[in-house]
Amino acid sequence: MDARALAALAANPGCRRRALLDGAGVDKGALAQALGAPANFGQSQFAHQRGNSFEARVKADGGADLVRLLHERLRDGSEPPGPGAVATPDLTAPGPQGRTARTALALREATEAGRWALLDHPMVSLDVAGSPAFLEPDAVVVHPDGSWTVIEIKSFPMVDGSADPAKVGAAARQSAVYTLALERVASMIGRPPEGGSDTAEAVEAVDAVEAAEAVEAVDVAETASAAMTADAAAPAGTREAATSADPAETAAREGSVAPAEAASVRARVRHQVLLVCPKDFSNLPTAELVDVRKQLAVTRRQLDRLTRIEEIAAALPEGTTFDLRLTDDGRNPTRPVEELTAAVDAVDAAYAPECLSTCELAAHCRTRSRAAGQVEALGRGVRGELGGLTTVDAVLTAAMNGPADEAPTGDPAVDALRRAAALRAEALASRPEAVACR
């Protein structure tokens, strides 16, 4: 799952179907195509190429222009970065775990160095409903004071200092996911919060050890040989101490800093992200700071509410699978649509019209929702106003079974519907030539 999918998942945490399919790595686009309801959204190839070209221009010259834009928008009175003052650490490593560990070490070293640094496409991880998700921000800037800023680069224009509010909101939600993941990294390399859970710290320590070991495994043969030799020579107590070491000590073994110095690290993630866009339909970059504290709080709360994927899978009928049974060339599904539909319908969904712009299965879920007469198909606002009336038939029955001048039923939704039906009938009666809605 990427940050875009996580932002959409956090916006609709009640959808167990999306949580399960995303957590299992199911290709929802191919699944929707096989169900006969392909997704009708996405980025065109031209827009994708334009976005890549714009990002490359923004990050040219070691990201000097990008850091300059950030410094100009901060207006905090600090000294601007001089020529060659921005470090650009190498983040290459094998596999997502290795890249995540390398990113954490690079953030640690840049924070300790007390200088500007630009991390191009770092990788961070986030636990989502019991399943790890690896995320790749466009960039992260480390400030001389040890704080970090998420950089989000988009190809939609910013005209006269403002952009499409809907697109800015989507970018803010996406950046909030990155910020949430970076906060975990900051807590690992900085001082643990007072009163923190010993269990959580132990888990983070083990994660850090495993990630550091993944980075060290670039040369597998030499690393394995050295590890076996060291393990055979070291006492049991030493090996146990290494396994339960502090994350700061783990990073110190990578050659960054000594454990005593690591304890003084105070990294923090800024709650303002830098949104970089083309200026007035040109290819020149401009930027604005976007406060994501609200989106961060919502994302954190919604992700915490997500049902664990194991619990969702345990409730499925035995043998449920979303396998498309592709042909040998991997292009055409051979599984009957009826079987695939039954498998998808075995997982509850929470459809809303907003899903049409964020989920590949939205068209299928909309068709099923309309066929069942669910009021959710009309929008979350309508669903909230109707209270216990969950189907369109129930709404029409409540509206038509009784005049509006009767005594209140005690249900505000039913009383409002009857009043609306009476007003509609009165309006139609005043114009006999009008054609009633059907």
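This is a predicted model: local features need pLDDT of at least 70, side-chain atom pairs count only at pLDDT 80 or more; totals for chains, interfaces and linings use all residues.
Which residue forms a salt bridge with Asp-22?

1. In it, Asp-22 forms a salt bridge with Arg-18. Their closest N and O atoms are 3.0 Å apart. Asp-22 and Arg-18 are 4 residues apart in helix α2, so about one helical turn separates them. An α-helix has 3.6 residues a turn, so residues three or four places apart point the same way. Both Asp-22 and Arg-18 are buried.

2. Arg-17 meets Asp-345 in a salt bridge, side chain to side chain, at 3.7 Å from N to O. Arg-17 lies in helix α2 (residues 16-23) and Asp-345 in helix α15 (residues 337-345), so the pair ties together parts that are 328 residues apart in sequence.

3. Glu-354 forms a salt bridge with Arg-380, with the closest N and O atoms 3.4 Å apart. Glu-354 sits in the loop between α15 and α16 (362-371), and Arg-380 in helix α17 (residues 380-385), so this pair ties together parts that are 26 residues apart in sequence. Glu-354 is partly exposed, with a relative accessible area of 42%. Arg-380 also counts as partly exposed, at 38% relative accessibility.

4. **A network, and the total.** Some salt bridges join up. Asp-65, Arg-68, Glu-72, Arg-73 and Glu-288 are linked in a network of them. How many salt bridges does a search of the whole structure find? It finds 21.

5. **Cysteines.** A search of the whole structure finds 0 disulfides. Take Cys-15: the nearest cysteine sulfur belongs to Cys-365 and is 6.1 Å away. A disulfide needs the two sulfur atoms within 2.5 Å, so Cys-15 is in none. Cys-15 counts as buried, at 10% relative accessibility. Cys-277 is buried too, with a relative accessible area of 0%.

6. **Helix α7.** Helix α7 covers residues 165-189, which is 25 residues. From first C-alpha to last, α7 reaches 35 Å. That is close to the 36 Å expected at 1.5 Å a residue. Check the start of α7 as well. There, a side-chain oxygen of Asp-164 reaches to within 3.1 Å of the backbone nitrogen of Ala-166.

7. **A nonpolar surface patch.** Leu-378, Val-382, Val-392 and Leu-396 make a nonpolar surface patch of about 320 Å². Leu-378 is placed in the loop between α16 and α17. Is Leu-378 buried or exposed? At 55% relative accessibility, Leu-378 counts as exposed. Val-382, another member of the patch, falls within the residue range of helix α17 (residues 380-385).

Definitions and conventions
Residues are numbered from 1 along each chain as its sequence is written. Side-chain values use heavy atoms; hydrogens and water are left out. Helices (H or I, at least four residues) and strands (E, at least two) are DSSP runs, numbered from the N terminus. The expected span of a helix is 1.5 Å times one less than its number of residues. A polar contact is a pair of N or O atoms within 3.5 Å; within protein, one must be able to donate a hydrogen and the other to accept it, and residues adjacent in sequence count only if both atoms are side-chain atoms. A salt bridge is a side-chain nitrogen of Lys or Arg within 4 Å of a carboxyl oxygen of Asp or Glu. Buried means under 20% relative accessible area, exposed over 50%, partly exposed in between (1.4 Å probe, protein chains only). Patches are made of residues with over 30% relative accessible area and no salt bridge: like charges are joined within 9 Å, nonpolar side chains (Val, Leu, Ile, Met, Phe, Trp, Tyr) within 5 Å. Accessible areas come from the Shrake-Rupley method with a 1.4 Å probe; for residues, only the protein chains shown count as cover.
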